[in-house]
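Biologist: I have a structure open and would like to talk it through. Can you take my questions as they come?

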Amino acid sequence: MARDQALAAPPKVEVNASHRYGALVVHEQIRFKVAANEFLCICGPSGCGKSTLLDMLAGILRPTGGSVLIDGRPADPKRQSISFVFQEPSTFPWLNVRDNVATGLRIKGTPRAEVDAKVSETLRLVGLNGFENYYPHQISGGMKQRVAIARAFATDADLILMDEPFVSLDQPTRERMQGEVLDIWRRRRRTVIFVTHNIEEAIFLGDRILVLSAKPARIDAELPVTLARPRDPLSPEFMRLRADCLKWLNPTGADAGRARAPASPQD
Amino acid sequence: MDAGPMPLPTGGEAASGSGALLSRGVITVLWNLVSLALVLGLWQLAAFLVASPFFPGPLKIVDAFVQLATRGDTYGHSLLTHSWASIHRVLVGFALGVALGVPLGLLMGLYPGIYAGTRAVIEPFRFIPPIAWIPLAIILFSGLTRFAFLIFLGAFFPIFTATLVGVARVEPIHRKVGVVHGAGKWWILRSVVVPTVLPDILGGMRVGLGTAWLTIVAAELAGGISTGLGRMMINYAELLQVSHVIVGMLVIGFVGFLMNECLLMIEKRLFRWRWQVSL
């Protein structure tokens, strides 16, 4: 599998960081690596600092201790190519769909012809071709989120961070979008770090799942998902993984032997 | 039309057989013409009944208008000369107000510390009406400079304040979209802050234009010049020529209305992305 050969290569992302806001410790020396082209899901209870972690990965928040390295260098949005899909609606209402999707490319100073080609290609990929000239207020919430996803995948960013991007969508839209993201990820070969509090979503999407504890956040468990895609949420293997994850998320009766926990100083 | 009651009443907008053929726009224009004709008719009737030289009817006004437009006033300045003099002064002062109000509003909106630290200097000026500056302006400046200064004072604060308030409307998430993709401060200003604040700026400009227009007439009434709509009105008021004074008033109303319509048209073009343009 591609993942196996990728793991042998130097990691795309290497995190060994702590973060605190004043006396509030958000992350207590959190440590993990992400291989190139890996789809990593990070799962944790609400308020465990997932968004803080993503901000550190995006390089817009410096960890107060340790480091976040991307390709061996500290994360910095100006020097590295990172894209971000936000949980809340983030399209620019004053730009039409085409210009919204082109935003990331234009910031990077991509030549005009290339922007046009990449934007129309990505719009086809997310099924928004034909909506180029629509403004966000003219399309549905699901389509707006697809615009945001297209904006992230249109750039050459080889690291894409997704912060609960489907949380505001209804179930059928959500499922369709999960399939679409997997499809784009497979075709474009990018490294994705996907944060969610939805276990099924994490198991459905990820190559690997990191389970975070409540604040101060630590990595409670690391669960590789080896099920073949497309995954069937009703299969026994899926259910077993789900039970494993739940055990870590609800620590009552947690069984440390079931899941492989990373070697970190706290453990 | 001779048919009985419609089987399915569909509310106030449902038109009868002939009305449905006309678009809503045409109906609006027709209603405006009807109300205008009604007012003019009543005015003419009242003028006829009062029969005083100080209460001219619309026909007298038209006479005065034609006379001012073709032959000019007692000094030979035509109505166009007077109108253009006023418009020119307004545009210069207004442009100054925009050129200073927008950048200062953006700066102080983006760096609230600067605003907080200078409030005691800026805010009291807002409460000195431009008209209260006229005596000082007469002493300090002459000609176009005087008018540009006064109109600037009138236009600046609505534009500055609207811009300042508008900056607070910038969504942190929109800024973050830029930052995570590696955008610098300049990109965020140009591509996030300005598009967000632009509707407020345009709104402030419409208010500022109103103030500017109000100020110019007052400033011209104060004298010291020979042209301008305000000047023309004062001249005729001294001659007790009421019709000519009213022509000046109507031209002021009409030009102000046209300027506002121009700004509204710009808004409609710029803000197609919004649900609707508010009036």
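Biologist: Which residues have the most contacts inside the largest nonpolar core?
Modeller: They are C43(A), L57(A), L161(A), I209(A), V211(A) and I151(B). The core has 120 residues. A nonpolar core here is a set of buried Ala, Val, Leu, Ile, Met, Phe, Trp, Tyr and Cys residues joined through C-beta atoms within 7 Å. Buried means that 20 or more other C-beta atoms lie within 10 Å of the residue's own; 12 or fewer means exposed, and partly exposed is in between, with C-beta atoms placed from the backbone.

Biologist: Which helix gives the most to this core?
Modeller: Helix α6 (residues 143-167) of chain B, with 14 residues. Helices (H or I, at least four residues) and strands (E, at least two) are DSSP runs, numbered from the N terminus.

Biologist: Before we go on, what am I looking at?
Modeller: This is a predicted model: local features need pLDDT of at least 70, side-chain atom pairs count only at pLDDT 80 or more, and totals for chains, interfaces and linings use all residues. Residues are numbered from 1 along each chain as its sequence is written, while chains are lettered from A and ligands numbered from 1 in the order in which they are written.

Biologist: Back to C43(A). What is C43(A) in contact with, beyond four places in sequence?
Modeller: The list includes T196(A), H197(A), I209(A), V211(A) and C245(A). Contact means that the C-beta atoms of two residues, placed from the backbone, lie within 7 Å.

Biologist: Now sheets. What is the strand order in the open sheet of six strands?
Modeller: In chain A the order is β6-β7-β8-β3-β9-β10, with mixed pairing. Two strands pair if DSSP finds at least two bridges between them.

Biologist: Why do β6 and β10 of chain A each have one side without a neighbour?
Modeller: β6 (82-85) and β10 (219-224) of chain A stand at the edges, each with a single partner strand, so one side of each has no neighbour in the sheet. On average, neighbouring strands are turned by 15° against each other, direction ignored. Axes are lines fitted to C-alpha atoms, for helices over the stretch in contact, and angles run from 0 to 180 degrees between N-to-C directions.

Biologist: Do β7 and β8 of chain A run parallel or antiparallel?
Modeller: Parallel, with five bridges between β7 (159-163) and β8 (191-196) of chain A. D163(A) has V195(A) as its bridge partner. Helix α8 (236-249) of chain A packs on this sheet, touching β3, β9 and β10 of chain A. The direction of α8(A) makes about 170° with that of β10(A).

Biologist: Is A152(A) buried or exposed?
Modeller: Buried, because A152(A) has 30 C-beta neighbours inside 10 Å. A152(A) lies in helix α5 (residues 141-154) of chain A. Beyond four places in sequence, A152(A) touches residues including S83(A), F84(A) and I160(A).

Biologist: Last topic, the two chains. How many residues of each are in contact?
Modeller: 13 of chain B and 19 of chain A. On chain B, α7(B) gives the largest share, six residues. By class, the chain B side has nine nonpolar, four polar and no charged residues. Ala, Val, Leu, Ile, Met, Phe, Trp, Tyr, Cys and Pro count as nonpolar, Asp, Glu, Lys and Arg as charged, and the others, Gly among them, as polar.

Biologist: What covers the buried residues of α7(B)?
Modeller: The cover includes α2, β6 and α3 (97-107) of chain A, together with α8 of chain B. Among the buried residues are H174(B), K176(B) and V177(B). Just after α7(B), G182(B) takes a positive phi of about 90°.
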